[in-house]
Amino acid sequence: MSKRMGAQTVSLPSRPGVLAFASIVGQKESEGPYGGKFDRIIEDEMNGQKSFEAAERAMLEDAVRLCVSKAGRQLSDVQLLLAGDLLNQIISAGFAARSLAIPFYGLYGACSTISESLSIGGMLADGGFADVLVCATCSHFCTAERQYRTPLELGTQRTPTAQWTVTGSGAVMLAGGAAAKSCAAVLTHATCGKVLDLGITDANNMGAAMAPAACDTIAAHFADTGRGFDDFDLVVTGDLGHLGRDLLIELLREKGVKVPEEKLFDCGCEIFSPRQDTHSGGSGCGCAASMICAHILPELEAGHLNRVLFLATGALLSPTTTMQGESIPGVAHAVALEHRKAGA
Amino acid sequence: METKSHNRAQQIERYAGLVARLAPKSDMAKGVVRAFLVGGLICTLGQGITDFFAYKMEFGTQAASTATSICLIFLSALLTGLGVYDRIGKFAGAGSIVPITGFANSVVAPAMEFRREGLVMGVGAKLFTLAGPVLVYGIGSSVIVGLIAFFMEVM
Amino acid sequence: MILMYVKAFIVGGILCAIGQVLLLKTALTSSRILVGYVTVGVILGALGLYEPLADFAGAGATVPLTGFGYALSQGAMEAVKSQGILGAFTGGVTSAAGGIAAAVFFGYLAALIFKPRMKS
């Protein structure tokens, strides 16, 4: 029997479960509205390492270790690690996998990496290719600034549409088969997004670059599954930021989708408070990953949320394409998550 | 094919309009006033240093001007190193970019940033990532000016 | 004396305010602003238009990067007078040498002493 539904969606009939999750963030994130919910805060931006890049990968490594120990397991129990990050050649994920010694598939979806890895992880678990696997990602303000923007000490002003790269990491352990039976949060569907580009060239306006992809993936998921906003408690987007979220609402309305705005939760809008002066909000792989591990997944496990559509969004640009004047392609991958009552 | 690319151009144009409508705007008046004040203050400080060298040290005009540049560049390097200059820049924008201190900041910031990539290809090479273009265009155009001046004199 | 400071403040301030308008109105990055200012300074210097401004406003005209460009073109033109065509190549850098050397030297020193920090 085919598990495909419609053009872009697959159903996961065996309902792979979320066994455990862990989040680690930096100081600034810990001072935001969800600051108390993260598992661990790193002391400073160096995280006890000798470079920002080493600090970032140590955070990813620690998030995976913490996630595994929260599940009461050993690293050797994990059959697969699906991870990626923003840095060139996804060095954070590759180097973390070197220390963790878990069989590793590296993924790149820019800031959509966490929902990309959950989609693929869900399919692998549902297909019986893995019983226990970890999906993880991370980002660091200082590494992203130097790769994509300017040196830290350069005296420039950020534009009003700019977003603040989150220093943070999130790891989610998924289980298939018998191990999934005890999980209170399960994956039910995954929708693979198309890469969309509506001509935004301003690298300081990621929200506008990614909003069309988010709109397209939400519409595709609804069309493929016959569901709508009414069927979900929340539709969680990754890091559209304030402008991107406004644009998404506008684009969905143009498509004829009614949007109850209170059901649209953007991690980038929520992670920082307005007084933290991040302009359009948070961004980076670690934004969506740390927020779902700190807030969305716990709420699902507790049954405060029953059904959530989670789509992290990614801007697939590089400094080279920006310099060459190319516009910015965006992508969004969605997973549907549900609360499962004990014994059901 | 023709209509498809036409549609796409239309779509892009419409979306750009939507983004422009919803995007938050920079506060032009506030930004310009801040740039004016900070830029003006840096230049006034420069005038003070120039007067010191011209009157107290009895330097010539050219030498006093060069000494002023060196002093301002030193101050900018120090403030950049201490992590103060980027905060001034956040406040002042072009007010701390346009003066020679901004040029110094654009040399020091990448040099510090790439210290961990080594002293030669890190500091040595990256020192010029932002300031290099300034020297290329400044020196390049001064050579052109010199050549024009030479040929005008000959003719 | 006091008047000179007022003139430096106002002219320097205006040059920076123009830069801010360019930053906000166009998509120019800060390095493009710097390149633009130095090039404009070279051209205005060559046309003899910057000298009156420098005489009027002192550091208000020489501290902004247009003043750096002005020094480059003045140096090149003066050196051509004394050395001929060779001066076109040596004059500009010679007159700006102090600034360039200071930026390289202090930049290197700062990289040895200080470490970059998280932005606030």
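Which chain B residue does the side chain of A:Asp277 meet in a salt bridge? The partner is B:Lys90, with N and O 3.1 Å apart. Keep in mind that this is a predicted model.

## Where chain B meets chain A

That pair sits in a bigger picture. Between chain B and chain A the count comes to five salt bridges, the one joining A:Asp277 and B:Lys90 being a chain A to chain B pair. Chain B puts 33 residues into the contact, and chain A puts in 30.

The two chains bury about 2500 Å² between them, with 59% of that on carbon and sulfur atoms. On the chain B side, look at B:Tyr15, B:Glu113 and B:Arg116: this trio supplies 27% of the area that chain B buries against chain A, more than any other three residues.

## Two domains in chain A

Chain A itself is split by the domain assignment into domain 1 (13-178) and domain 2 (184-339). Taken over C-alpha atoms, their centres are 17 Å apart. The contact draws on 51 residues of domain 1 and 59 residues of domain 2.

About 4200 Å² is buried between these two domains of chain A, and carbon and sulfur atoms give 63% of it. Within domain 1, the residues losing the most area to domain 2 are A:Phe21, A:Tyr34 and A:Gln163, which together make up 17% of what that side buries.

How many salt bridges are counted between domain 1 of chain A and domain 2 of chain A? The count is one. A:Arg15 and A:Glu338 form a salt bridge too, and their closest N and O atoms are 3.1 Å apart.

## The second largest pocket

The largest share, nine residues, comes from α5(C).

Notes. Residues numbered from 1 in each chain as written. Chains lettered and ligands numbered in written order. Predicted model: local features only at pLDDT ≥ 70, side-chain atom pairs only at ≥ 80, totals over all residues. Heavy atoms only, no water. Helix = DSSP H or I, 4+ residues; strand = E, 2+ residues; numbered from the N terminus. Domains from an automatic or database assignment. Contact = heavy atoms within 4.5 Å. Buried area = accessible area lost by both parts, 1.4 Å probe. Salt bridge = Lys/Arg side-chain N within 4 Å of Asp/Glu carboxyl O.
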